[in-house]
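Me: I have a structure open and want to go through its contacts. Can you take my questions as they come?

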There are 2 protein chains.
Amino acid sequence: MRNLKYAILGIINRKPSTGYDITKEFNDSLVEFWYAKHSQIYPELKKLTDEGLILFETIIQGEKLEKKLYTITEKGKKSLQKWLEKDEPLEPTPKDIFKLRAYFADEMDKDILLKQFKSQLNKHMERLSYLKDGMDELSKKKEIAKVSSPGFGDYIVLNGAIMREKNYIEWLEDCIEKIID
Amino acid sequence: MRNLKYAILGIINRKPSTGYDITKEFNDSLVEFWYAKHSQIYPELKKLTDEGLILFETIIQGEKLEKKLYTITEKGKKSLQKWLEKDEPLEPTPKDIFKLRAYFADEMDKDILLKQFKSQLNKHMERLSYLKDGMDELSKKKEIAKVSSPGFGDYIVLNGAIMREKNYIEWLEDCIEKIID
DNA sequence: TACACCATGTAAGGTGTTACATGATTTG
DNA sequence: CAAATCATGTAACACCTTACATGGTGTA
């Protein structure tokens, strides 16, 4: 466990960051497979500092705004590396509220059921389109699709998200077909 | 929120059940999209009883083993129905620890990275095979693939799980190819 | 009679969300 | 100069996991 710990460690390892930066990173780039609110991040940063895995430098922005720029320590790098090398059993399948509803489909009025699926389809199509835009931007910005290039991680996970959305859409369309006839 | 509440309500609505039954149901049938431990279920059952959404009958098994068979009330059915009809915004994408690791791929030694992906591939192939077996069994047992038939919910979500696993496997294979060359 | 499984609960602690709280800087 | 964004934190509460705790039933 302690996954947030390693998520933060990994981000700081990529580039020294403030708590605010990390929050943004989570809710922009990583949001397709990890996220956290700032209320969880700041206490965790304190904890990691106490554990000697990161350290910070106070920076004054403008006149008096203090911000803490965190850097990973050698100890932190070792800890991260160890976590990256771990090969653990598969996590339980993530929870999916829509599928939970779908499981109770035979209790639902057919029209409502259809409306539900169509609405869900819409939302996932929007998300897919958003992700595709992200991919266009990424391929402009970075040299991707090559291991050890710094954009490789970004590329494969974004590609994974696109594949996942396409697949979910396929499933929804399949269900809609079955509901109709 | 209060999703566990509705998950339990839905299960009891399908068929009167004990806490033990519900626990098994979660960890057998529903595990691909929802689950909970008994330590979460028993307190929730108490809560739902207090709210008048379910009620129980004490049954003696054998000589003296007491078990509580829960049944949904009219109030409970209304509450469930209302939840089933809700159309809420998309949940954030579920967290995926493996993708979190993958995001930090450029920090990893290429051999270790490859081993990670191959191991992950193995595990997902096993899960897929397990799910396919489940589908074979389900199609023997019930009349499925028809809305309003009682097996329809079971069928579409199991089918969704199979599709999801196939897709994840495809992504892993794609990544492995990219890592190799 | 031992072992697997049935059956129900509580306690402690970790993880995550929402709301509260405050203030500075940048940009239009 | 107003609004958006930058920046950091705490408190209360909800959700979830692990471990503790106890005892009955069925079957080989």
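Reply: Start with Ser39(B): an N or O atom in its side chain is 2.7 Å from a base oxygen of DNA strand D. Bear in mind that this is a predicted model.

Me: Which elements give two or more residues to the surface near DNA strand D?

Reply: From chain A, helix H2 (19-28), helix H3 (38-50) and strand S2 (65-72) do, together with helix H3 (38-50) of chain B.

Me: What is 2.7 Å from the side chain of His38(A)?

Reply: A base oxygen of DNA strand D, with the distance taken to an N or O atom of the His38(A) side chain.

Me: How many residues surround DNA strand D, and which are the closest?

Reply: There are 25 residues around DNA strand D. The closest are Tyr20(A), Lys67(A), Lys68(A), Ser39(B) and Glu63(B). By class, the residues of that surface are 6 nonpolar, 9 polar and 10 charged.

Me: What share of the atoms of DNA strand D within 4 Å of the protein belongs to sugar or phosphate?

Reply: The share is 68%, and the rest belong to bases.

Me: OK, over to DNA strand C. Which residues come nearest there?

Reply: Glu63(A), Tyr20(B), His38(B), Lys67(B) and Lys68(B), out of 25 residues around DNA strand C. Of the atoms of DNA strand C that come within 4 Å of the protein, sugar and phosphate account for 68%.

Me: Which polar atom of Glu63(A) is 2.6 Å from a phosphate oxygen of DNA strand C, backbone or side chain?

Reply: A polar backbone atom of Glu63(A). Backbone N or O atoms also lie 3.4 Å from a phosphate oxygen of DNA strand C in Arg2(A) and in Gly19(B).

Me: Which elements give two or more residues to that surface?

Reply: For the surface near DNA strand C, they are H3 of chain A together with helix H2 (19-28), H3 and strand S2 (65-72) of chain B. The residues there divide into 6 nonpolar, 9 polar and 10 charged.

Me: Change of topic: the protein chains. How much area do chain A and chain B bury between them?

Reply: About 7100 Å², with 63% of it on carbon and sulfur atoms. The contact takes 72 residues from chain A and 72 residues from chain B.

Me: How many salt bridges does the rule find across that interface?

Reply: It finds 6 between chain A and chain B. One salt bridge pairs Lys123(A) with Asp87(B), whose closest N and O atoms are 2.8 Å apart.

Me: Which elements of chain A give two or more residues to the side touching chain B?

Reply: Helix H1 (3-14), helix H4 (74-85), helix H5 (97-103), helix H6 (110-141) and helix H7 (152-180). H7(A) gives the largest share, 18 residues. By class, that side of chain A has 35 nonpolar, 16 polar and 21 charged residues.

Me: Last one, strands. How does strand S1 of chain B run relative to S2(B)?

Reply: Strand S1 (residues 54-61) of chain B and S2(B) run antiparallel, joined by 8 bridges. Leu55(B) has Thr71(B) in S2(B) as its bridge partner.

Me: And which residue in that hairpin takes a positive phi?

Reply: Gly62(B), with phi near 65°; the hairpin of S1(B) and S2(B) has 3 residues between the strands.

Terms used. Residues numbered from 1 in each chain as written. Chains lettered and ligands numbered in written order. Predicted model: local features only at pLDDT ≥ 70, side-chain atom pairs only at ≥ 80, totals over all residues. Heavy atoms only, no water. Near = heavy atom within 4 Å. Polar contact = N/O pair within 3.5 Å; in protein donor to acceptor, adjacent residues only side chain to side chain. Helix = DSSP H or I, 4+ residues; strand = E, 2+ residues; numbered from the N terminus. Nonpolar A, V, L, I, M, F, W, Y, C, P; charged D, E, K, R; others polar. Contact = heavy atoms within 4.5 Å. Buried area = accessible area lost by both parts, 1.4 Å probe. Salt bridge = Lys/Arg side-chain N within 4 Å of Asp/Glu carboxyl O. Pairing = 2+ DSSP bridges.
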